[in-house]
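I opened this model to look up its fold, its charged pairs and its rings. My entries follow in the order in which I checked things.

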Amino acid sequence: MIDRQNDLRNQVKRLKWEEDISYKTIAEDLLQMDYHAFINFMHGYKNLGKEREIILKEFIETIF
């Protein structure tokens, strides 16, 4: 599970740099979560729940 979460973190960083999609947009518009909680996920302090993990993964797959 940790590897999967780390893979998601790396893919989100790629979204930010290659597609210019902000963390705030991903957090609030896509995942319907607090921006600061998402930043905690990005720093590895917390993991995403299963539902948000699935949503994020599907979003990433549509772009890449």
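I counted the secondary structure first. The chain has four helices and zero strands, where helices (H or I, at least four residues) and strands (E, at least two) are DSSP runs numbered from the N terminus. From the N terminus on, the order is α-α-α-α. The radius of gyration is 10 Å, close to the 11 Å that the globule rule gives for 64 residues, so the chain is as compact as a globular protein of that length. That radius is taken over C-alpha atoms, and the globule rule is 2.2 Å times the number of residues to the power 0.38. I read the span of the C-alpha trace along its principal axes as about 25 × 20 × 20 Å.

A note on the source: this is a predicted model, in which local features need pLDDT of at least 70 and side-chain atom pairs count only at pLDDT 80 or more, while totals for chains, interfaces and linings use all residues. Residues are numbered from 1 along each chain as its sequence is written, and side-chain values use heavy atoms, with hydrogens and water left out.

Next I looked up burial. Of the 64 residues, 30% count as buried; buried means under 20% relative accessible area, exposed over 50%, and partly exposed in between (1.4 Å probe, protein chains only). I also checked contacts, meaning heavy atoms within 4.5 Å. Among those between residues at least 6 apart in sequence, 59% join residues at least 24 apart.

Which residues of α2 are buried? I found Tyr23, Ile26 and Ala27. They cover an arc of only 90 degrees around the axis, which puts them on the same side of α2; the arc is that of the directions from the helix axis to the C-beta atoms. What covers the buried residues of α2 includes α1, α3 and α4. Just after α2, I noted that Gln32 takes a positive phi of about 55 degrees.

How many salt bridges does the structure hold? I list three, a salt bridge being a side-chain nitrogen of Lys or Arg within 4 Å of a carboxyl oxygen of Asp or Glu.

- Glu53 pairs with Arg4, with the closest N and O atoms 2.3 Å apart. Glu53 lies in helix α4 (residues 50-63) and Arg4 in helix α1 (residues 2-19), so this bridge ties together parts that are 49 residues apart in sequence. Glu53 is buried at 4% relative accessible area, whereas Arg4 is partly exposed at 36%.
- Arg14 pairs with Glu18 at 3.2 Å between the closest N and O atoms. Both lie in helix α1, four residues apart, about one turn of the helix.
- Glu28 pairs with Lys24 at 3.9 Å between the closest N and O atoms. Both lie in helix α2 (residues 23-30), again four residues apart. Glu28 is partly exposed at 34% relative accessibility, and Lys24 is partly exposed at 44%.

Last, the rings. I count two aromatic pairs; rings of Phe, Tyr and Trp (its six-membered ring) pair if their centres lie within 6.5 Å, and planes under 30 degrees apart count as stacked, over 60 as edge-to-face and the rest as tilted. Phe38 and Phe41 have ring centres 5.7 Å apart and planes at 45 degrees, so the pair is tilted. Both Phe38 and Phe41 are buried. Ring pairs link Tyr23, Phe38 and Phe41 into a cluster.

I then checked charges over rings (NZ of Lys or CZ of Arg within 6 Å of the ring centre and within 35 degrees of the ring normal). The charged end of Arg14 sits over the ring of Phe64, 3.7 Å from its centre. Lys24 lies over the face of Tyr35, 5.5 Å from the ring centre.
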